[in-house]
Amino acid sequence: MKRPSPNRARCAAASLAAALVLTGAAGCSGKAGSGTQEKQAEGGVKTGTGVSDTAIQLGALTDMTGVYASLGKSVTQAQQLWIKQANAAGGICGRQLELTVRDHGYDPQKALAAYTELEPKVLGFAQFIGSPFVAAAKDRIDGQHKALVIPQAWSASLLGSPYIRTVGATYDIETVNAIGYLLDQKRIASGDKIGHVYFEGDYGENALAGAKHAAREAGLSIVEQKIKPTDNDMSAQVAALKQAGVKAVVISAGPKQAASLVGVAAAGGWNVPVVGNNSAFAPQLLATPAGAALQKDYYVAASTLPIGDAAPGPTALAAAYKAEYPGAGLDNGVVAGYSAAAVYGEALKKACADKDLTRAGVGKALLSLKSYDSGFGITHDFSDPKAPSTRQSVIMKPDEQTPGGLKVVKPPTVAPAAEKYTPTD
């Protein structure tokens, strides 16, 4: 897969865009921590960029005004909630946590400019939305910066980096599990055609790699429909797939595209199951004209239980989130954001115990988390940067009666075709 060159990324980053500054509940500012020089702090703990004797600075590069605006808001607020809870419990290593947020609006120039601005000030990033943007910064992250980044992006192109660590299955494995669900339910069978509507770039094309693998294993054939993130009307794609005679559709795009696809199909009397990746749903869709169709035969795969599940983890988080943000809705972005912050917190605690709160120390600490229970249905292994933290996916179905809009129809499992699949970019 072609990635933007480092030179192009640097040029994009040079065009610094105005960015929205939000702070964590601790009343943080954008001030740097201890600078780039490593030092020995009180208590014998080695510190470096983004860490002072009293604070640990983290960054978040989010989307609050672009194609993933609803996701970005939920992820960010959940991380600010985690920061508040951690600080109320005494912080980590005798330091209060501070989160500085920039909204890039899913614009590549703004994303890279925001990364360039915050990188010298923070220990690392608890959030970076957008696989293409993380990939564009990858050479700098892996090269001179070496700051731990936990992206809200699951492209297999990010695997192999000791500093960019996803929480969950990559898009390709997630897609294999989603197609596996349709096979299990006998909604599709060997010899059938399935459609795949996908974003151009890392996200969609990595999901397509998974779909092709699943198709080979099951004797299916794929009918492709590549789209851009700015394409919101799926009428042409529905018409093409209907004419091709597909028996099911995979969508690897955003919530708006998923709603359009399912809504247009239903309006035309075309009834086939549709499965989407974790980024292809938002509960706000249930209040749109496509809401009824989404609840009929649309499914979503993700590496976490939904926020409305009755398990202790989702239940406790939903209650805390609603108390902190009484006017906000619940969605799976809350789980994704909180989980990413919690993983970062576990790495920080281990780094503190090792007396090394430098970027290298935190990265090393994450490698020691071999059986991390997220509290949301899946145990993660971060010991191998070349492997996803899990191969399991939960299959969910939209349901307006469930908080967060999703209910589980299949608990965490790995499809047989996903067990032997090797993620690639």
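Student: At what angle do helix H2 (residues 69–88) and helix H11 (residues 332–353) pack, and how far apart are their axes?

Tutor: Two packed helices are described by the angle between their axes and the distance between the axes. Here H2 and H11 pack at about 40°, and their axes are 7 Å apart. The axes are lines fitted to C-alpha atoms, for helices over the stretch in contact, with angles from 0 to 180 degrees between N-to-C directions. Helices (H or I, at least four residues) and strands (E, at least two) are DSSP runs numbered from the N terminus.

Student: What kind of model is this, and how are residues numbered?

Tutor: It is a predicted model, in which local features need pLDDT of at least 70 and side-chain atom pairs count only at pLDDT 80 or more, while totals for chains, interfaces and linings use all residues. Residues are numbered from 1 along each chain as its sequence is written, and side-chain values use heavy atoms, leaving out hydrogens and water.

Student: What does the angle of about 40° make H2 relative to H11?

Tutor: The angle of about 40° makes H2 oblique to H11. Angles under 35 degrees count as roughly parallel, over 145 as roughly antiparallel, 65 to 115 as roughly perpendicular, and the rest as oblique.

Student: Which residues make the contact between H2 and H11?

Tutor: H2 contributes Leu71, Ser74, Val75, Ala78, Gln79, Leu81, Trp82 and Gln85, and H11 contributes Gly333, Val334, Gly337, Tyr338, Ala340, Ala341, Ala342 and Gly345. Contact means heavy atoms within 4.5 Å. By class, the H2–H11 contact has 10 nonpolar, 6 polar and no charged residues. Ala, Val, Leu, Ile, Met, Phe, Trp, Tyr, Cys and Pro count as nonpolar, Asp, Glu, Lys and Arg as charged, and the others, Gly among them, as polar.

Student: Which cysteines form a disulfide?

Tutor: A disulfide is a covalent bond between the sulfur atoms of two cysteines. The cut-off is a pair of cysteine sulfur atoms within 2.5 Å. A search of the whole structure finds 1 disulfide. Cys93 and Cys352 form it, with their sulfur atoms 2.1 Å apart. Their link is right-handed, with 80° about the S-S bond. The pair links distant parts of the chain, 259 residues apart: Cys93 is in the loop between H2 and strand S5 (96–103), and Cys352 is in helix H11.

Student: How do helix H3 (residues 108–118) and helix H4 (residues 131–145) pack?

Tutor: H3 and H4 pack at about 20°, with their axes 10 Å apart, which makes H3 roughly parallel to H4. H3 passes H4 in a right-handed crossing. Pro108, Ala111, Leu112, Tyr115 and Thr116 of H3 make the contact with Phe133, Ala136, Ala137, Arg140, Ile141 and His145 of H4. This H3–H4 contact has 8 nonpolar, 2 polar and 1 charged residues.

Student: What is the strand order in the open sheet of 7 strands?

Tutor: Strands pair if DSSP finds at least two bridges between them. In this sheet the order is S8-S7-S9-S10-S11-S15-S16, with mixed pairing. The edge strands, S8 (221–227) and S16 (406–413), each pair on one side only. Neighbouring strands of the sheet are turned by 20° against each other on average, direction ignored.

Student: How many bridges join strand S7 to strand S9, and which helix packs on the sheet touching S7, S8 and S9?

Tutor: S7 (residues 193–199) and S9 (residues 248–252) run parallel and are joined by 5 bridges. Gly195 stands opposite Val249 in S9. Helix H7 (residues 235–244) packs on the sheet, touching S7, S8 and S9, and its direction makes about 165° with that of S8. Helix H8 (residues 255–267) also packs on the sheet, touching S7, S8, S9, strand S10 (274–276) and strand S11 (298–302). The direction of H8 makes about 160° with that of S9.

Terms used
A crossing is left-handed if the near helix is turned anticlockwise from the far one by less than a right angle, and right-handed if clockwise.
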